[in-house]
Amino acid sequence: MRYLYTMDDKHLYSNFEYDSALSVQEGVKQPEQVNSSYVERMRARRRQGPTTEELISGILHGDRTLLSRAITLVESSLYAHQQQAQEVIERCLPYSGKSVRLGITGVPGAGKSTTIEALGKMLTAHGHKVAVLAIDPSSERSKGSILGDKTRMEELSVDPNAFIRPSPSAGSLGGVARKTREIITLCEAAGFDVVIVETVGVGQSEVAAHSMVDFFLLLQLANTGDELQGIKRGIMEMADMICINKCELDKQRSELAAAQFRNALHLFPMPESGWTVKVTLCSAYTHEGIDELWNSVMEYVTFTKQNGYFYHKRQQQNLRIMTEALENGLRERFYNTPGIEERIEALKKDILDNKISPYAAADQLLA
């Protein structure tokens, strides 16, 4: 190859001349390996989504893809999706209820995700199948969620015996998503014998999370306040176990914090289960105390099954689900009433013009 350069007062041109015995012939177009009509049919089928029978069969056989598709249906707000999801849940209900449901909460930064990964890896190593439902807080401004908790569990997310599903809270209070109970049913029907619910970590108001799990674990950190601060936190009354996490950073302060929480718990009445709440130290980073944590969970399950509280609590949870479903249904039917949106907008204008009080406007809408 040789280069020929020509120069003028404004531009520099570069011309290339190739001297080679090699030449490239145009190839023959290869035929498609897959029938194009078949591809179009599969794309259309994918857009339509799997049928109810396909979803149920896939869930019962442990198909994670179809389990994920069913969870997406459950979380959808479309009426057609809700109807299909309800049928799937009803058909899967007889195969559910055989898992240990563990709720984990704590202040942001307490190490919930790291603890779940350490616990989940230990459980899968012992032959358990673990499903993790990570609830991510939704923005009040954009209404969006990051859904990035799965990236914090790098090893557990690739474990063949683990399933991690992040879900947005979508404005639902109580630290969990609105459809978490239904998702637990689907995961149990898919064969997962341990279901872990990670709350958003609001710290004090996770009553809803407590009402859908068997064992409620509260993760705390050292230097988070004195005994009075521990007593004030309403979440303390619902915890079945308190773990002072990240104890490897300062063992002495962690032991002092554990002692303070034990003193605070003495001022609480005995829980209905009759279980004495334990306060221990743990480290998700060094895996210290993780075995003791799971042993306490199994002790609690055995203890409450013997005195009947385990089954009583699940029955009360089912009754609460019915009450919440009734309230949600009434709300949806109210807003879907023909003409209600126009009436609401008209009354909003009257309220802003001080023509009617908000209470009178609400009474008119309900009437």
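**View A. His-287 sits in the loop between β9 and α11 (290–307).** The model shown here is predicted. Most residues other than glycine have a negative phi. His-287 is not a glycine, yet its phi is positive, about 65°. Is this residue buried, partly exposed or exposed? With a relative accessible area of 48%, His-287 is partly exposed, because exposed means over 50%.

**View B. Asn-354 lies in the loop between α13 (340–352) and α14 (358–366).** Here too the backbone angle stands out. Asn-354 has a positive phi of about 60° and is not a glycine. Its relative accessible area is 71%. Asn-354 is therefore exposed, as that value is over 50%.

**View C. Thr-280 belongs to strand β9 (residues 278–281).** Thr-280 is buried, and its relative accessible area is 8%. Which residues does Thr-280 contact, leaving aside neighbours within four places in sequence? They are Met-241, Ile-242, Cys-243, Ile-244 and Glu-292.

**View D. Strand β3 (residues 100–106) is mostly covered.** Of its 7 residues, 7 are buried. In a regular strand the side chains alternate between the two faces of the sheet. Val-100, Leu-102, Ile-104 and Gly-106 point one way from β3. Arg-101, Gly-103 and Thr-105 point the other way. Residues on both sides are buried.

**View E. β3 pairs in the parallel sense with strand β6 (residues 194–198) and with strand β7 (residues 215–220).** The pairing with β6 runs over 5 bridges. In it, Val-100 stands opposite Val-194. The pairing with β7 also has 5 bridges. There, Ile-104 stands opposite Leu-217.

Terms used
Residues are numbered from 1 along each chain as its sequence is written. This is a predicted model: local features need pLDDT of at least 70, side-chain atom pairs count only at pLDDT 80 or more; totals for chains, interfaces and linings use all residues. Side-chain values use heavy atoms; hydrogens and water are left out. Helices (H or I, at least four residues) and strands (E, at least two) are DSSP runs, numbered from the N terminus. Buried means under 20% relative accessible area, exposed over 50%, partly exposed in between (1.4 Å probe, protein chains only). Contact means heavy atoms within 4.5 Å. Two strands pair if DSSP finds at least two bridges between them.
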